[in-house]
Amino acid sequence: MINLYNLPPEGLRLNGTTERLALEGGVSLRDLTWSVFALASGGDVFLEVKGQAVWQGTCSRCLAPLDQPMAVESQFLGSKDADLVGRGSFTLGSQDLDVVFLPEDTLDETELVREQFELQAPMHPLCAEACKGLCPICGKNWNKGTCQCRPESEQAPSALNQALAKALAGIKLDPES
Ligand SMILES: [Zn+2]
Ligand SMILES: [Zn+2]
């Protein structure tokens, strides 16, 4: 726990390692190393969070298990001041910092680190840029070969287009009548 309003004048730095940390949606981090720096700034607190881990989830196209190295680095200002939080940003030196509402006097550093990884976790992770995904009909992983239903699904739209073209050809558009 960091006591936000009783920080040493030079700031407080905490480092840690966490073997495994669960994120939302069945995703987890492993081999996490992190550091948190907290420095009093007027009535507010400058916070810096840095971390590295292996993100463990699944490919968003083919659902194969996926490990991906991930790093976070973020700086912001924690404040109890509702006006300042409402303004959303604060300039400290040459830096424009987001302001985050921290109503409590203490802050759980591991929760702070977890939040940053949660925020910056990959939204649409892919096992490879060229991942072919799964067949929507039979569920076969197309990275491992094609299935029988693939040609049919490719024919379907063109058959539909032919029918549509035929139907349209039969309609005579005459805006004057
Ligand atoms: Zn994939
Ligand atoms: Zn298929």
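I began with the sheet of this predicted model and found six strands in an open arrangement, ordered E2-E3-E4-E5-E7-E6, with mixed pairing. At its edges I noted strand E2 (12–22) and E6, each of which pairs on one side only. Ignoring direction, I found neighbouring strands of this sheet turned against each other by 35 degrees on average.

I then looked up what lies against the sheet: H2 packs on it and touches E2, E3, E4 and E5, and the direction of H2 makes about 60 degrees with that of E4.

Next I went through individual pairings. I recorded E4 and E5 as antiparallel partners over 14 bridges, and within this region I saw that Glu48 stands opposite Gln75 in E5. Strand E6 (residues 89–92) and strand E7 (residues 95–101) also pair in the antiparallel sense, over four bridges, and there I looked up Thr91, whose bridge partner in E7 is Asp96. E6 and E7 form a hairpin with two residues between them, and I noted that Gly93, in the turn, has a positive phi of about 60 degrees.

Which residues touch the most other members of the largest nonpolar core? I found these to be Val36, Leu47 and Val113, in a core of 19 residues. E3, E4, E5 and helix H2 (109–120) each supply at least two residues of this core, and I noted that the largest share, six residues, comes from E4. For Val36 I also listed the contacts that remain when neighbours within four places in sequence are left aside, and these are Leu14, Val49, Glu109, Leu112 and Val113.

Asp31, which lies in strand E3 (residues 28–41), has a positive phi of about 50 degrees although it is not a glycine.

Technical notes: Residues are numbered from 1 along each chain as its sequence is written. Chains are lettered from A and ligands numbered from 1 in the order in which they are written. This is a predicted model: local features need pLDDT of at least 70, side-chain atom pairs count only at pLDDT 80 or more; totals for chains, interfaces and linings use all residues. A nonpolar core is a set of buried Ala, Val, Leu, Ile, Met, Phe, Trp, Tyr and Cys residues joined through C-beta atoms within 7 Å. A residue is buried if 20 or more other C-beta atoms lie within 10 Å of its own, exposed if 12 or fewer, and partly exposed in between; C-beta atoms are placed from the backbone. Two residues are in contact if their C-beta atoms, placed from the backbone, lie within 7 Å. Two strands pair if DSSP finds at least two bridges between them. Axes are lines fitted to C-alpha atoms, for helices over the stretch in contact, and angles run from 0 to 180 degrees between N-to-C directions.
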